[in-house]
Amino acid sequence: MRSIILTILFASTATVATASDLPNPILPSDFPVLDTETVALGRQLFFDPVLSGNDNIACPTCHHPALGTGGAMSLSIGEGGMGLGRLREVVNGNAPKARIPRNAPALFNLGAREFSVMFHDGRVQLNRETMYGIAMPEGRTLERPAKSALAAQNILPIFSHDEMAGHPGENAIADAIDAENIHGGDGAWQIIASKVEAIEEYRMAFDWIIGQDEPIHITDIGNALSQFITYEFRATESPFDQYLNGKEDALAVDQLAGMELFYGKANCSSCHSGKFQTDHGFHAIGLPQFGPGKDDAYSDAGRGMITGIEEDKYRFRTPSLRNVTLSAPYGHNGAYTDLEAMVRHHLDPFEGLGNYDRSQAALRKLGESAKDWEPMEDLAEVLRIAMAAEIEPVDLSETEIDQLMSFLRALEDPISRHGRLGVPDRVPSDLPLDPISDPS
């Protein structure tokens, strides 16, 4: 029936999507079974600054529910900042060494079983040939099994100097990381676990989950965070989901037209495929580069840094498009704050790169701000980015772009604007929480 409706509505379109082009509906079995007590514990840990080296940053500082589980900035300020989103300011006397070189990705549906690759460059991923079946960055090999790739990736931002750990000389965690003392009884992972264990409320909560005689380990913290993220940021009740489940009036006419374009002429689904609109692969799309870079003075080779393969340079993981309307800025470095501008870049990456409007980047001024645009002033680097781009230009009319935007809005789950459990009134450490209001 759905195939007949699509054919009638879009008989004049050059490329017509059919029901077989659409993903299957999301099922409960696409997500792991969760434990109520662990979800509640993970919620407390997620919002608690105790996980940071200086007790001043929590996970939502860069992944706040009020900001679409992102940070509202192209490149966030972690340690050395105060406030949330676009209101985050540099603390006098403790200026950040640099911005975080990549955009804080959204957390929606990362707990689904099919999400086996984490971070923009995939440096954490399921891999049977590695320790405990999860590939980790060099020097960060797991000491114990983690329950998922998400659980493993959760423990890494905690130990980044610029994100949550702080800098050498500021606290014991930062000093241990600087000395590459990560593992073992006196390593950074154990120091943070001991901080959590010293809080009676946390110790009692973990008693129910791991047992009274079992010391808290960093993987226990990662697992708890994973369960909360899986529950809180599941986004599977959008109008598009309703349509896939048989409610044929769930999408308006312009959204149906946009869906036809998405799975047809616009070629979006060549990468944004599957139930969550991602192939979980890596692609180069010619995004402009700015900021401190990742692999040298200012460049960012993306997946190529992990694999060492020349063809992987400038490739980044395909993000899910669920709640894409809530999770600006877009791209591995947040190059576009406007979703339509990001869509137009996809339609012609070469035009987008060559005529990029730098005002699209949301950047807080820092001492090194003068160097932000050095990559775009380097013609050789711009050409390397352009030559790596894999997307073929697509010609859409203004009406078709409007229809495509309408379909992207149909991927938004209404509950994601406020969450399921929301922000707690307090956390066991009694440290102050990030502000709740949306500053953007």
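**View 1. Salt bridges in the predicted model.** The count comes to 22 salt bridges, a salt bridge being a side-chain nitrogen of Lys or Arg within 4 Å of a carboxyl oxygen of Asp or Glu. This is a predicted model, in which local features need pLDDT of at least 70 and side-chain atom pairs count only at pLDDT 80 or more, while totals for chains, interfaces and linings use all residues. Residues are numbered from 1 along each chain as its sequence is written, and side-chain values use heavy atoms, with hydrogens and water left out.

**View 2. The salt bridge between Asp30 and Lys275.** The closest N and O atoms of Asp30 and Lys275 are 2.8 Å apart. Asp30 lies in the loop between helix H1 (2–9) and H2, and Lys275 in the loop between helix H10 (253–262) and strand E6 (282–283), so the pair ties together parts that are 245 residues apart in sequence; helices (H or I, at least four residues) and strands (E, at least two) are DSSP runs, numbered from the N terminus. Both Asp30 and Lys275 are buried, where buried means under 20% relative accessible area, exposed over 50% and partly exposed in between (1.4 Å probe, protein chains only).

**View 3. The salt bridge between Arg99 and Asp372.** The side chains of Arg99 and Asp372 meet at 2.7 Å, N to O. Arg99 is buried, with a relative accessible area of 5%, and Asp372 also counts as buried, at 6%.

**View 4. The salt bridge between Arg203 and Glu197.** In this pair the closest N and O atoms are 2.6 Å apart. Arg203 counts as buried at 14% relative accessibility, whereas Glu197 is partly exposed at 25%.
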